[in-house]
Amino acid sequence: MIEGESRPAPVVAREIERGHFRYYDFVMAAFVAILLLSNVLGAGKVAEVWLPGVGYWPFGAGILFFPVSYVIGDVLTEVYGYARARRVIWAGTVAVLFMALMSWVVVALPPAPSWSNQHAYETIFGQVPRIVFASICAFWVGEFVNSYVLAQMKLWTKGRMLWTRTIGSTVAGEGIDSLIFYPLAFLGAEGWTTALVIQVLFTQWALKVAWEVVLTPVTYVVVDFLKRREGVDVYDEGTDFTPFATRV
């Protein structure tokens, strides 16, 4: 607790005036930055971790980045409400689409004869259209499910037990994300059996949820800081939960 400050009273989302927040833009920027990092630095790297009784287990390095976007999404919905989280999800979606487009354009540009790194550039930035499409669809749906579940659970729990809705919404959001991405990206692809797709799907889902659990104390600290500094604790009563609404 910050000395001299009291916990803000609950605020219904529709009662908040525009331009009221000091940190919202910074949280949005962090969300988009993490999302782009997960697609640039983590998308093409396969690492492995040793699990007791199992041995070395491969995983996509993007898991170090991407689940953090769900944590930030939790913070956005918990502090600022579903409608403002919706704006950030759309900002992230547009950013990823633009990044994918520009990656394709830059890779397609004919290299200068003296430049010998075209193959390396294609390896890192030459994303397969099917995987890009699967990633964007899975992210978009998963983030909206995550935000919706958290907003509803906040109403059900009357704002108590933050950990139940951050973890519960991640189980739902990351679950939908994985169920969309892995079959859409890899089912029927060369080297990917149905059993392998299912195995990787559930492994990544479990690891992403585990990340959420590990980061729960950090989520508590950030949420508490923002609620006190912004002076709000938003409850989405009467909120229009369609992903396509533009009104905040």
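K154 is buried, at 3% relative accessibility, and its salt-bridge partner E78 is buried at 0%. This is a predicted model, and the structure holds eight salt bridges. The points below cover these charged pairs, the nonpolar cores, the surface patch and some backbone details.

**Buried charges and salt bridges**

- K154 and E78 form a salt bridge in which the closest N and O atoms are 3.3 Å apart. The pair links distant parts of the chain, with K154 in helix 5 and E78 in helix 2, 76 residues apart.
- E78 also forms a salt bridge with K227, where the closest N and O atoms are 2.6 Å apart. This pair joins helix 2, which holds E78, to helix 8, which holds K227, across 149 residues.
- K227 counts as buried because its relative accessibility is 9%, which is under the 20% cut-off.
- D224 and R228 meet through their side chains in another salt bridge, at 3.1 Å from N to O. Both residues lie in helix 8, four residues apart, or about one turn of the helix. In an α-helix there are 3.6 residues a turn, so residues three or four places apart point the same way.
- Within this pair, D224 is partly exposed at 23% relative accessibility, whereas R228 is buried at 8%.
- Salt bridges with shared partners join E78, K154, R165, K227 and D233 into one network.

**Nonpolar cores**

- The largest nonpolar core has 33 residues, and F31, L76 and Y80 have the most contacts inside it.
- Helix 1 (24-40), helix 2 (66-80), helix 3 (82-108), helix 5 (129-156) and helix 8 (216-230) are the elements that give two or more residues to this core.
- Which residues does Y80 contact, leaving aside its neighbours within four places in sequence? They are F21, Y23, Y24, V27, V75, L226, E230 and V234.
- Another core, of eight residues, lies apart from the largest one. Among its residues are A134, F181, Y182 and A185.

**Nonpolar surface patch**

- F98, L101, M102, W104, V106, L109, W115 and Y121 form a nonpolar patch on the surface. Together these residues have about 810 Å² of accessible area.
- Helix 3 gives the most to the patch, with five residues.
- F98 is found in helix 3. F98 counts as exposed because its relative accessible area is 52%, over the 50% cut-off.

**Helix 6 and the backbone around it**

- Helix 6 spans residues 162-186 and has 25 residues. From its first C-alpha to its last, helix 6 reaches 35 Å, close to the 36 Å expected at 1.5 Å a residue.
- Just after helix 6, G188 takes a positive phi of about 85 degrees.
- The loop between helix 5 and helix 6 holds K158 and M161.
- K158 has a positive phi of about 55 degrees although it is not a glycine, and M161, also not a glycine, has a positive phi of about 50 degrees. Most residues other than glycine have a negative phi.
- Are K158 and M161 buried, partly exposed or exposed? K158 is exposed, with a relative accessible area of 58%, while M161 is partly exposed, with 46%.

Key: Residues numbered from 1 in each chain as written. Predicted model: local features only at pLDDT ≥ 70, side-chain atom pairs only at ≥ 80, totals over all residues. Heavy atoms only, no water. Core = buried A, V, L, I, M, F, W, Y, C linked by side-chain atoms within 4.5 Å. Buried < 20%, exposed > 50% of the residue type's maximum accessible area, 1.4 Å probe, protein only. Contact = heavy atoms within 4.5 Å. Expected span 1.5 Å × (residues − 1). Patch = residues over 30% accessible without salt bridge, like charges linked within 9 Å, V, L, I, M, F, W, Y side chains within 5 Å. Areas by Shrake-Rupley, 256 points an atom, 1.4 Å probe, with all protein chains shown as cover. Salt bridge = Lys/Arg side-chain N within 4 Å of Asp/Glu carboxyl O.
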